[in-house]
Amino acid sequence: MWRKGYAEFVRRKGHYNRGKAAGLLVALALTGGLLTAAATLPFVGAAGLATRDAASTFNSLPVAGLGELPARSELLDTQGHLIAYYYPRGIYRVPVSFSQIAPVMRNAIVAIEDARFYAHGAFDLHGTVRALISTLSGSQVQGGSTLAQQYVKNACILMATSTAQAADCAAETVARKVRELRIAANVLQRMTRQQLLAAYLNAAYFENHAYGIQVASQFYFSTSASNLSLTQAAMLAGLVENPAAYDPLRFPAAAKGRRNVVLATMAKLGYITRAQAAAASAERLGLHISLLPLQTGCISPSVRKDAFFCDYVLSVMRYDPIYAKAWKALNFTGGMKIYTTLDATDQHAAEHAVNFVQPARSSYYNPGHNADTEVLIQPGTGKIRAIAENRLFGNGSHHTTVDYAVNTRYGASSGVQTGSSSKIFTLVTALKQGLPFGYHLKVTSPTTVGPYYNCHGGYVPAFSVINAEGPQGAKTYTIYDGTVGSINAFYATLEQRVGLCDVVRTAASFGMTRADGTSLLRRDSRLPKSDNLSVDNYPSFTLGSVYVSPMNMAAAYATLAARGVYCRPIAIRAITATNGTRYPVGRAGCHRVIAAGVADAANYVLQGVLGPGGTADGRSIGIPAAAKTGTANGGYYAAFAGYTPRLAGYVSVFNPKSPTGSGRMVYPRANYREVNGALSAPGQMFGDNAPGATWQLTFLTLQLRAKSFVYPPTYPYFDLPLTYTPPKKKHKSPSPTPMPTPTSTPTSTTPSPTATPTPSPSPSTSPGPGGAPAHKSPGWRPAPAAVEEYSDRRF
C-alpha cells in the first residue's frame with residue numbers, strides 16, 4: 001500500500017470560525033447538488049477555489065474502479081490446475097462476491113464504519129459536515145466518510161501507479177473530499193447496496209500486504225471470507241480504520257481492544273446480543289497465519305516443480321510484442337487466467353529425471369554440480385509440455401533464475417553447444433538431395449576437410465576433425481552407419497559434399513537460431529567482430545559448435561517426429577480476463593519444411609541410434625523411438641535428443657559455472673546416477689551418459705502408448721547407385737576468406753574456452769543390447785564405442 005501521512009492545512013490564528021462556516025456551506029451545497037454554485041460564493045475564499053477546481057475536473061469523469069481494480073491472476077496447466085498466482089504491482093487481492101462474504105463480516109463492517117449505510121444517500125450529512133469542519137479547521141482528523149466514499153478512496157489508491165498519486169488519493173483536502181463525494185454519488189447510481197458493500201470489502205486494506213477481505217481472511221486465519229467467525233470478523237472490521245496501529249502481529253493488545261469495540265458496537269446496534277459480545281470479547285485473537293495467499297509469481301515455494309516453465313511463460317509475455325496488451329493488463333489490473341501448454345504428468349516426469357540423474361547438491365552422484373535441463377515438446381503442435389532443470393528457481397543460496405533451456409531473451413542463458421545432435425541437419429540435407437542410405441564415403445581420422453563455401457559463394461577454409469576413437473586408417477561408412485555411429489570425419493565430409501550453406505538453411509527452416517535469437521544466416525552483432533560471421537562460415541556447425549537453446553533443438557527433433565512439419569514452440573494457449581476480454585496469443589504456425597518421405601527416412605536412420613552399434617544402444621524405452629547423442633570436445637557439453645511420434649525431448653548437461661574451463665565434465669565431475677539407481681563414473685561425460693539417462697528415465701516414467709514411425713519410400717533411399725554424387729555448386733569467389741578465431745569473451749554464464757584438449761579414446765566396451773542400460777560392473781557405465789568430438793569454438 002502507498003503509505004503517506006495525511007496532509008494538514010496551515011490555518012492562521014482566528015480563522016477557526018470562518019473555516020467552520022465554510023465547511024457547513026460546502027456540505028449544504030453538496031447536498032443540493034450545487035457544486036459549482038458553492039464554489040462561487042465570495043466568502044468561501046480558498047476553500048471555494050478548491051471546490052470549484054475539483055468540480056470542474058471531476059464532474060465529467062466516468063465512475064472509477066468498477067471491475068478495474070487490481071486482482072490476482074492465475075497461470076494454469078492443460079488440466080486447469082494452478083501453476084502460479086500473479087499479483088499486479090505486488091497488490092495481494094482476490095475479489096469475492098457478496099454471497100461469498102460471511103454475513104457476520106458484512107454486519108461488523110457496517111456497524112463500525114457506517115452504521116447508517118442502508119439509510120443515507122451518497123453521503124451522510126451529519127458525518128460529512130463533521131469531517132469537513134475538522135479538515136478545514138486543522139483539528140484532528142475525524143471520521144464521517146461513508147462506505148461509498150471510503151471505497152472511492154481505496155479504489156483510487158489501488159489504481160495509483162506512483163507514491164505521489166496514492167498520496168493525492170488520501171490527502172485530507174477539500175478538493176479531494178469534493179472529488180470523492182462526486183464519484184461516490186456516481187458509484188451509488190451504478191451499484192446496489194450489496195454490490196457496494198462487497199466492492200468496499202474487496203478494496204479495503206488490512207495491513208501486511210493483504211488487500212480485500214478474502215486475502216485478509218486467508219492470511220490472518222487461514223480461512224475464506226465466507227467462513228469467518230464473529231471474533232474473526234470483528235478483528236478484521238476493526239483493522240480498516242488504522243491498519244498499522246491495529247496490526248495484530250505487532251500490536252496484539254491494540255488489535256484485541258479495537259476488536260472488542262467493534263463487538264460492543266454490533267451489540268448496541270442489535271446485530272448481536274450483549275451476551276454474545278461479552279463472550280466474544282473474552283476470547284483470544286486466535287490468529288492462524290498463512291503465507292500461501294501472498295505467494296506470487298514463479299519464485300513461490302508452491303510453484304517449485306513448475307518454476308522454470310512458469311518463468312518462461314512470463315518472459316514470453318514480457319518480451320514478445322503480441323502479448324503487449326496482455327502484459328500491461330497483467331501488471332495493472334490483473335484478474336486474468338493464462339492457460340498454458342504445460343502437462344503436469346510430463347513436467348513431473350522430466351523434473352524427477354533431471355534431479356534423479358544429476359542431483360544438484362549431491363557430492364556423490366554429481367560432484368561437479370553439473371546442470372541438467374530437459375525440454376519436452378509435442379510434435380505437430382509446438383506445445384511445450386515441460387521445462388525441467390535440476391536447480392531450485394529463485395535468488396537464494398543454491399538457487400538460480402537462469403533458465404538454461406530457452407533462448408537468452410527469455411531465460412538469461414547464453415545457450416549450449418550441441419555436439420553431434422546437430423548432425424541431423426546435414427543428414428536431412430543429404431536425404432533431401434536424394435542420397436540413399438547406402439551412400440558411402442571413405443574417410444580417415446584425423447583428417448582435414450574442405451574447402452567449403454558460404455551462401456554467398458565465398459570461400460571457407462578447410463578444418464581439421466578427428467573421430468572419438470582417435471587416429472584411424474581409411475574406413476568406409478554409409479549414411480546409415482556413419483549416423484548411428486556418429487562418425488565425425490564422415491559427417492564433416494558429407495557436409496562439404498552436400499554444401500555447408502544448404503545444411504545451415506535446413507537448420508534455419510527447422511526453427512534454429514543462435515541462443516540470442518540471431519538468425520543463423522546473419523552476422524551476430526552481439527558477438528565480437530572477429531567471430532560474428534553468419535553460421536554458413538563455420539564448417540564445425542555439423543558437429544554442434546554454435547551456441548543454441550535446448551528448446552530450439554527439441555522443436556527441430558519434433559519436426560522429424562511430425563514427419564517434416566515444423567511448429568514454433570508455444571507455451572500459452574489462451575488468455576482471458578474476468579470481464580470476458582480475450583487477448584491475442586502467439587501461434588505455432590505449423591508448416592511443412594521437408595517432404596514427409598525425407599522425414600521418414602531420417603527417422604528410419606535415427607531409430608538405429610538406439611539399436612546395436614548405435615551410440616545410444618541400451619537406451620530404448622520399449623516402444624518405437626529415435627535418438628541422437630551429442631558430445632562437445634573434452635567433456636564441455638553433452639546432449640541427448642530422443643523422440644517418439646507422440647513426444648520429443650532434448651536434454652543438455654554441462655557445468656554452468658565453467659563449462660569450457662575448470663568445470664569440464666571429466667572424472668569425477670562426470671559422475672551421474674543411472675536409471676537403475678547405480679553410480680556411473682565415466683572418464684568423460686558423453687551424450688549417452690547423464691543426458692541419455694535423463695531422457696530414458698523421463699520416457700520410461702511416462703509409459704507412452706506405442707506408435708510406429710512411417711516406413712520411408714523405397715526410392716531413392718534403398719536404391720542404387722550407392723555412390724551418388726551431388727551436383728557441383730557454383731561459387732562466386734575463389735579467394736580465401738579468413739576464418740574467425742575462437743571468441744575469448746564469454747557470455748554471462750559461460751567463461752572463456754580453454755585450449756582444445758587431446759581427445760581421449762572411448763572405452764572399448766560397448767553397452768549391451770536390450771531395453772535397459774548395460775553395465776560392465778555395478779556403478780560404472782562404459783561410454784559408447786563411437787562418440788562425437790570436435791574442436792571447441794565459441795561461436
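Residues are numbered from 1 along each chain as its sequence is written, and side-chain values use heavy atoms, with hydrogens and water left out. Because the model is predicted, local features need pLDDT of at least 70 and side-chain atom pairs count only at pLDDT 80 or more, while totals for chains, interfaces and linings use all residues.

## Disulfides

The structure holds 4 disulfides, a disulfide being a pair of cysteine sulfur atoms within 2.5 Å. With the bonded cysteines of the chain numbered in sequence order, the pairing is 1-2, 3-4, 5-6, 7-8. The table gives the sulfur distances for pairs that include the following.

| Pair | S to S distance |
|---|---|
| Cys156 and Cys169 | 1.9 Å |
| Cys455 and Cys501 | 2.0 Å |
| Cys567 and Cys590 | 2.1 Å |

In what follows, helices (H or I, at least four residues) and strands (E, at least two) are DSSP runs, numbered from the N terminus. Buried means under 20% relative accessible area, exposed over 50%, and partly exposed in between (1.4 Å probe, protein chains only).

The disulfide of Cys156 and Cys169 is left-handed, because the torsion about its S-S bond is about -60°. Cys156 lies in helix H6 and Cys169 in helix H7 (residues 163–170), so the pair ties together parts that are 13 residues apart in sequence. Cys156 is partly exposed at 28% relative accessible area, whereas Cys169 is buried at 3%.

For Cys455 and Cys501 the S-S torsion is about 105°, so this disulfide is right-handed. Cys455 sits in the loop between strand E12 (452–453) and strand E13 (459–460), and Cys501 in helix H21 (residues 500–509), so parts 46 residues apart in sequence are tied together. Cys455 is partly exposed, with a relative accessible area of 22%, and Cys501 is buried at 9%.

The disulfide of Cys567 and Cys590 is right-handed, because its torsion is about 120°. Cys567 is in the loop between strand E16 (565–566) and strand E17 (572–577), and Cys590 is in the loop between strand E18 (582–583) and strand E19 (591–592), so the pair ties together parts that are 23 residues apart in sequence. Cys567 counts as buried at 6% relative accessibility, while Cys590 is partly exposed at 37%.

## Salt bridges

A salt bridge is a side-chain nitrogen of Lys or Arg within 4 Å of a carboxyl oxygen of Asp or Glu. By this rule the count is 10.

Arg258 and Glu241 form one of them, with an N to O distance of 3.7 Å. Arg258 belongs to helix H12 (residues 252–268) and Glu241 to the loop between helix H11 (230–239) and H12, 17 residues apart. Arg258 is buried at 10% relative accessibility, and Glu241 is partly exposed at 47%. Together with Glu113, these two residues are linked in a network of salt bridges.

Asp600 pairs with Arg563, the closest N and O atoms being 2.7 Å apart. Asp600 is in helix H23 (residues 596–607) and Arg563 in the loop between helix H22 (550–561) and E16, 37 residues apart. Asp600 is buried at 2% relative accessible area, whereas Arg563 is partly exposed at 33%.

Asp688 and Arg619 form another salt bridge, with closest N and O atoms 3.3 Å apart. Asp688 lies in the loop between strand E24 (679–680) and helix H24 (690–702), and Arg619 in the loop between H23 and E20, so the pair ties together parts that are 69 residues apart in sequence. Asp688 is buried at 0% relative accessible area, and Arg619 is also buried at 0%.

## Buried elements

Helix H9 (residues 193–203) is largely enclosed by the rest of the structure, because 8 of its 11 residues are buried. Among the buried residues are Leu196, Tyr200 and Asn202. Their cover includes helix H4 (103–113), helix H6 (147–159) and helix H8 (174–190), where contact means heavy atoms within 4.5 Å.

Ala349, in helix H16 (residues 344–357), is buried at 1% relative accessible area. Not counting residues up to four places away in sequence, Ala349 touches Thr698, Thr701 and Leu702.

## Surface patch

Leu249, Leu287, Ile289 and Leu291 form a nonpolar patch on the surface, with about 330 Å² of accessible area together. Patches are made of residues with over 30% relative accessible area and no salt bridge: like charges are joined within 9 Å, nonpolar side chains (Val, Leu, Ile, Met, Phe, Trp, Tyr) within 5 Å. Accessible areas come from the Shrake-Rupley method with a 1.4 Å probe, and for residues only the protein chains shown count as cover. Leu291, in the loop between helix H13 (274–281) and helix H14 (307–319), counts as exposed at 55% relative accessibility.
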